[in-house]
Amino acid sequence: VLGDVRPAVLAFAAAAALLLLITCINVANLLLVRGLARVKEIAVRSALGAGRGQIVGQLVTESAILAAGGGVAGTLLAAAAVRLFVAVAPPGTPHLDEIHLNATAIAAAIAITAAVALLSSLPPALLASRVELQDALRAGARRGGGDRRFRRGMEALIVAQVAIALVVLSAAGLIARSLMKLEDAKLVLDPSNMLIAELAVPSAGFGDAGAQRALLERLLPRLEAIPGVGAASPVLTAPFVAAGGIFGQVRAEGQSDEEAAKNPTLIMDVVSPNYFSTFGIPVVRGRAFSDADRMGSPEVAIISESAAKHYWGDADPIGKRVMGPSGGGVTIVGVVPETRYRDLRDPRPTVYFPLRQSSFPVAPMTLAIRTDGRPSDLVPAIRRVIAEVDPGVALASAAPFETLLRGPLAGARLNAVLIAVFAIAAVSLAAVGLFGVMATMVRQRTRELGVRMALGATAADIGTLVLRRGMSLATLGIALGLIGALATNHLVAALLFDVTPTDALTMGSVAILLLSVGAVASLIPARSGARVAPAVALRAE
């Protein structure tokens, strides 16, 4: 179980770290803007004798106070978010009752808040403390060099922010595509109107496989006689129990020891003659089992396509022989496709043996029952028939196959929901950051824009100038983000199904989406810059 969970935990930890980094960048940008607005104040403090260390200390302390308030608010929000997540988690999500906010999580939040406060506030404070006293104190002076320094810092941060947002968004896109493909995966069998019922059989009187098979011989005809039941067949395990059942290797007749050592591990299942018709599994070659396949008749088996190809290549496997569980030769009479009955992600090679010839130490005590209507409607009748056949046997559980299908999909759906939350937050923060940088640029360059318009530039020219700059930053961030995504998406490879970590469609889609977001985030500042009045701008300077 730990091995199944670890890839998701690592991927989400990485996404959370990237989201935190985007947040740090946003906060750093805000502090840079704030520092730019306080250049004259900082210059006055320096002129009055304050050292650079004192100024940096003051700015970091102010940020720490804000961070403390944010940390408290974030802890309260996290507690509410955890409760909301538990309430809306996809059906079948495991261990929901164990999800809560504990002291360890709160301590980690405090430590992270302190680290974020320092990381976000120290670089802007150091940059803001570097002031040129004469220029800063001269009323109406142009602080072109300082403004450019701040602007370049903010632009570099926003490029990094867009790049990180694309990395998170690409991972979300890959997982979302995987979920869609997993939901559309062909089971090969027909899950509709199928009830999976598990029998509770006492050890007294049913301690050996022979007694269990005798019980099934009496029970199956009675179940199929229930109005609304089309067919019933025993199976060794319930669906999607990948580790359950019996596994082993079979040796084809004539194989050498070296060849036999390379044989795959097969799922070995014991089924009744109507198993394949019950599940709607087509027999692509040969025949299904029949009532004649019983003790005393030639031992037979049905094998799945990939296993048949391994043993005999393109040759017809019908009539070929393998060494069966009893040690004797078993003739292959049919070939069927691999199904996803055991594992939704990975069809497993399987060999089937008829129930009446089985030499396995146990008999299948799980029943697959095909119904004409809703499977749950027939549970009372099935329970009654089981009690009539043997009062000591009970129906331990019964669930429609489609309900059991939610289990393997629950993890994928949870992954998609969580990574989507990270992606939405990352893109939103990147959009807000880009908007803030472009709006700040328009304010900083008000005089320049006014001069341009006074010299003949139109409002459309100014708007295009601002929009082009914003799109240049977004495009550079997207290019760097694509490189980062191609390098890091292997972290989510274990969570993907039928999608590669470098899927071109996903990469292209997220790039276009982020470029559109960048255009929208730049459009409002561009329109604001286009409305600059030349006379007002020049008079203000």
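Does Phe240 count as buried or exposed, and at what relative accessibility? Phe240 counts as buried, because its relative accessibility of 16% falls under the 20% cut-off. The legends below walk through this and other close-ups of a predicted model.

View 1. Phe240 sits in the loop that links β2 to β3 (246-248), and its phi is near 65°, a positive value in a residue other than glycine. Now look at Val188, in the loop between α6 (144-183) and β1. Phi of Val188 is near 75°, again positive and again not in a glycine. Val188 counts as partly exposed, because its relative accessibility is 31%.

**View 2. Four strands make an open, antiparallel sheet.** Reading across, the order is β2-β11-β1-β12. Where does the sheet stop? β2 (229-235) and β12 (394-400) stand at its edges with a single partner strand each, so one side of each has no neighbour in the sheet. On average, neighbouring strands are turned by 25° against each other, direction ignored.

**View 3. Here are the bridges, going strand by strand.** β2 is joined to β11 (residues 366-371) by six bridges, with the two strands running antiparallel. To find your bearings, pick out Pro234, whose bridge partner in β11 is Leu367. Five bridges join β11 to β1, antiparallel as well, and here Ile196 has Ala368 of β11 as its bridge partner. On to β12, which pairs with β1 in the antiparallel sense over six bridges; look for Ala200 and its partner in β12, Ala394. Of the seven residues of β1, five are buried, so this strand is largely enclosed by the rest of the structure.

View 4. Helix α7 (residues 209-224) lies across β1 (194-200), β2 and β11, and runs at about 155° to β2. Helix α11 (residues 379-389) packs on the sheet too, touching β1, β11 and β12. The direction of α11 makes about 155° with that of β12.

**View 5. Helices α14 and α15 cross.** The axes of α14 (residues 446-454) and α15 (residues 459-488) come within 10 Å, crossing at roughly 145°. The crossing is right-handed. Which residues make the contact? From α14 they are Leu449, Arg452 and Met453, and from α15 they are Ala459, Ile462 and Leu465. Sorted by class, that gives five nonpolar, no polar and one charged residues.

**View 6. Phe276 is shown inside the largest nonpolar core.** In soluble globular proteins, nonpolar side chains tend to be buried together. The largest nonpolar core in this model has 64 residues. Those with the most contacts inside it are Tyr275, Phe276, Phe279, Phe289, Tyr352 and Phe401. Which element gives this core its largest share? That is α6, with 13 residues. Now zoom in on Phe276: leaving aside neighbours within four places in sequence, this residue is in contact with Ile281, Val283, Ala288, Phe289, Ile302, Val336 and Tyr352.

Definitions and conventions
Residues numbered from 1 in each chain as written. Predicted model: local features only at pLDDT ≥ 70, side-chain atom pairs only at ≥ 80, totals over all residues. Heavy atoms only, no water. Pairing = 2+ DSSP bridges. Axes fitted to C-alpha atoms, helices over the stretch in contact; angles between N-to-C directions. Contact = heavy atoms within 4.5 Å. Left-handed = near helix turned anticlockwise from the far one by under 90°. Nonpolar A, V, L, I, M, F, W, Y, C, P; charged D, E, K, R; others polar. Buried < 20%, exposed > 50% of the residue type's maximum accessible area, 1.4 Å probe, protein only. Core = buried A, V, L, I, M, F, W, Y, C linked by side-chain atoms within 4.5 Å.
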